[in-house]
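Hello,

Here is the structure I promised to pass on.

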Protein chains: 2
Amino acid sequence: MLNPSILEKLQQISGKDHVLTDKADLICYSYDATQRQFLPDVVVHPADADEISRIMQLANAEKIPVFPRGAGTGFTGGSVPVAGGIVLGLSRLDRILEIDEENLVATIEPGVVTEDFQKTVEKVGLFYPPDPASLKVSTMGGNVAECAGGPRCVKYGVTKDYIIGLEIVTPTGDIIKTGGPTMKGVVGYDLTKLICGSEGTLAIMTKIVVKLLPKPEAKKTMLVMFSSIDGAAQAVSAIIRGKIIPTTLEFLDARTLECVRNATDLDVPEAAQAVLLIEVDGDREFLDGQTRKISAIVQPLGVVETRIAETPEESEALWQVRRSISASLRQVNPDKYNEDICVPRSRVPDMIRKIEAIADKYNIPIVNYGHAGDGNIHVNIMVDNAVPGEQEKAEKAIVEVFEGTLELGGTMSGEHGVGIMKAPFLNMELQDNVIDYMKTIKKALDPNNILNPGKIFPSDVRAH
Amino acid sequence: MLNPSILEKLQQISGKDHVLTDKADLICYSYDATQRQFLPDVVVHPADADEISRIMQLANAEKIPVFPRGAGTGFTGGSVPVAGGIVLGLSRLDRILEIDEENLVATIEPGVVTEDFQKTVEKVGLFYPPDPASLKVSTMGGNVAECAGGPRCVKYGVTKDYIIGLEIVTPTGDIIKTGGPTMKGVVGYDLTKLICGSEGTLAIMTKIVVKLLPKPEAKKTMLVMFSSIDGAAQAVSAIIRGKIIPTTLEFLDARTLECVRNATDLDVPEAAQAVLLIEVDGDREFLDGQTRKISAIVQPLGVVETRIAETPEESEALWQVRRSISASLRQVNPDKYNEDICVPRSRVPDMIRKIEAIADKYNIPIVNYGHAGDGNIHVNIMVDNAVPGEQEKAEKAIVEVFEGTLELGGTMSGEHGVGIMKAPFLNMELQDNVIDYMKTIKKALDPNNILNPGKIFPSDVRAH
């Protein structure tokens, strides 16, 4: 419980209306998509960087942990208040401050919802590519903190590739600017990129400077069904070596397709053991040629069927196969562990085989789909936690999935981050001296370890 | 002078042949392209990360400064041994270790010459885009340390956009790995990007993991002459808004063109007050359409003449205008101060006008050219240092150029870095608390300040 004098100070800083302590309110800020729940002592919704600076100074003086929070859609617990203290909700910092159409740069606040931002820039012919699945709800601050990805990243890169400047409040309460609106800049260390993906442990963002692109004129979708995952993986490499970088190169493995067949009436032939959903974008006049070229490249690789959308409605129908996955999986088992490993593109089939062996060993359904273009696989371990022993089996399976990933030169997370969910496994991937190096940076910048403690680094987790 | 016992230890680590102390040898490692000279006490050429680790442990124990060095082509003194001590030459780490054609990833050592690396990957149909002017001599380690740019960056981005992993030796002698061969990865802080552009102050690179692209099939060059710099700048914005991102968008201002006219017999009409050299690349069949589209877009903006190359020879002829600059400038004055400011693309004409006013005020020729596509201007202040007072005038002019840059939202360096040349001006661009934040990171990772001291931060410069 917080000392009443601290509550009073928080009320003085942000106003009584923006400081919540009722249990019903606290519960709303106690979890994210991981469903791990930790109650904060208080939730504050500051108005601006100045208030955040004063809150951080107070928190430092009193050694109170502070947990910055966007929309709470994270998959690894990045925003959950594992040590109580203050949840710092950033929803009031929700303005798009400037869209510079001449220089293709926007300045926004962290609480802007990703899709709102995308739609706003698209209205003036511009384009912000990163498209995490949560984009209708998640905020740009959270996207930057976790370095969000999405299907379009194979062509366009991840969130950090678009963030060229920040205004941040440091753990000790300084308000500083990093980077700026220029396309190049090498004066001093690249703090912007250090903070992208640091999961809210190094700074609280208060402004984000984003690089934009001209919006592509058109896009075209095709769905290719393969008789094996190897054919699909070879197709991915062959397309890219054919000098075509599609906007998306999504794949569904055999077990995912089985779920879709069982749960929907979508037409997915039994012979299809892997599917690639491919989208290309650019000048309208070039797209037909691109899909024709892709068809020709993939044809020798065990293609069962190729469908090319000629209209937006047909395109939507092809996307249905991909969009039906979540609902289809729920019919297999009520609970799932969703990992987002990433391996070198060519190792996807090896990884799928490893996962199939793990699924067989533990007798758990594991279904895989994701972003084949960059080797980023969403591994869904389907269990019923109400069944005794299921959870333990799943946890063992996860460790083996990580082991397999690392054996293939991969990483435990392509886009979700470490948070609290992968922190216990951090030293499977990173050598101790790398973890020490990162902790040295954290400790230097947050000497009292009050900003989002308990995330990324396993030994930092403190009991509430 | 180094203690003889330390020399002996260095010889034990790297072998007598790789430890140089003759004055004639030391002189070779005492300067870079800035021509500022500082003699080291010793030059060591280690064979590998293990030797570097032992050298750093020794240097830490004895508090000896260490200056990592690639080819010494930097423009800001990044590699010069301002505090004596050890120059650590990385030329023996010069192997291309792996080119993974399936996953478009290469692993190389830092001493590989940039052009050699480019040619090697191009032989197998791959492409490493960053192209600093020094690429025939400069090494990949130096390119990463400074985050080198080049003409192709407007389309393809800068060095750091291609570096996805590193093996480094830390200032305290640990050998650690950052990032890896996957296209995505968000496990822990992005140390790779922190080290890119940190000018050799945070780590010594021993391996570099590079992301590659498929090599574009063809390219096409055009030269457009404008009656004003405003027309040229509007053309840059209009081309990009027209959904074409050329590979290069180089510009030459009126004073540069005057130098070229005076020094060469190239055909540059008097009416041309600004020139854009534009190159597009991609599928051969699309390039004619692209240059036609660009011609149509720029035509209303005061075009004096457009030349489009139909053959490689014609393309080479167009590039001659750009390539003749250095030799042409030398005829104006023997000495030059070469700054590489960067402003938001649309502010290039404002910046050129500011620079023209500064040139008039100090009565010094200042000629400008560079990468218009990303607002990165090479400002060449032409003086004769033998004339009393010229150098002082140039230094005052530089300060005013920086002031003007910052007023327009720009940065003092787009691609050359800070080094020793811009360190005295660092606090013009960065707030004190940003500099403190960076120094906190430096101090935490290099507690004895032995790795490349005197660079970036003004107060760190120590007398020899």
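Rings of Phe, Tyr and Trp (its six-membered ring) count as a pair if their centres lie within 6.5 Å; planes under 30 degrees apart are called stacked, over 60 edge-to-face, and the rest tilted. By that rule, F117(A), Y128(A) and Y162(A) make up one aromatic cluster.

Some housekeeping: this is a predicted model, in which local features need pLDDT of at least 70 and side-chain atom pairs count only at pLDDT 80 or more, while totals for chains, interfaces and linings use all residues. Residues are numbered from 1 along each chain as its sequence is written, chains are lettered from A and ligands numbered from 1 in the order in which they are written, and side-chain values use heavy atoms, with hydrogens and water left out.

Searching the whole structure gives 11 aromatic pairs over all chains. One of them is F457(A) with Y189(B), edge-to-face at 5.7 Å centre to centre and 85° between the planes. F457(A) is in the segment after α16 (432-445) of chain A and Y189(B) in the loop between β9 (175-179) and α7 (191-195) of chain B, so this pair joins two chains (helices, H or I, of at least four residues and strands, E, of at least two are DSSP runs, numbered from the N terminus).

Finally, lysines over rings: the charged end of K211(A) sits over the ring of Y162(A), 5.9 Å from its centre, and K211(B) lies over the face of Y162(B), at 5.9 Å from the ring centre. The criterion is NZ of Lys or CZ of Arg within 6 Å of the ring centre and within 35 degrees of the ring normal.

Best wishes
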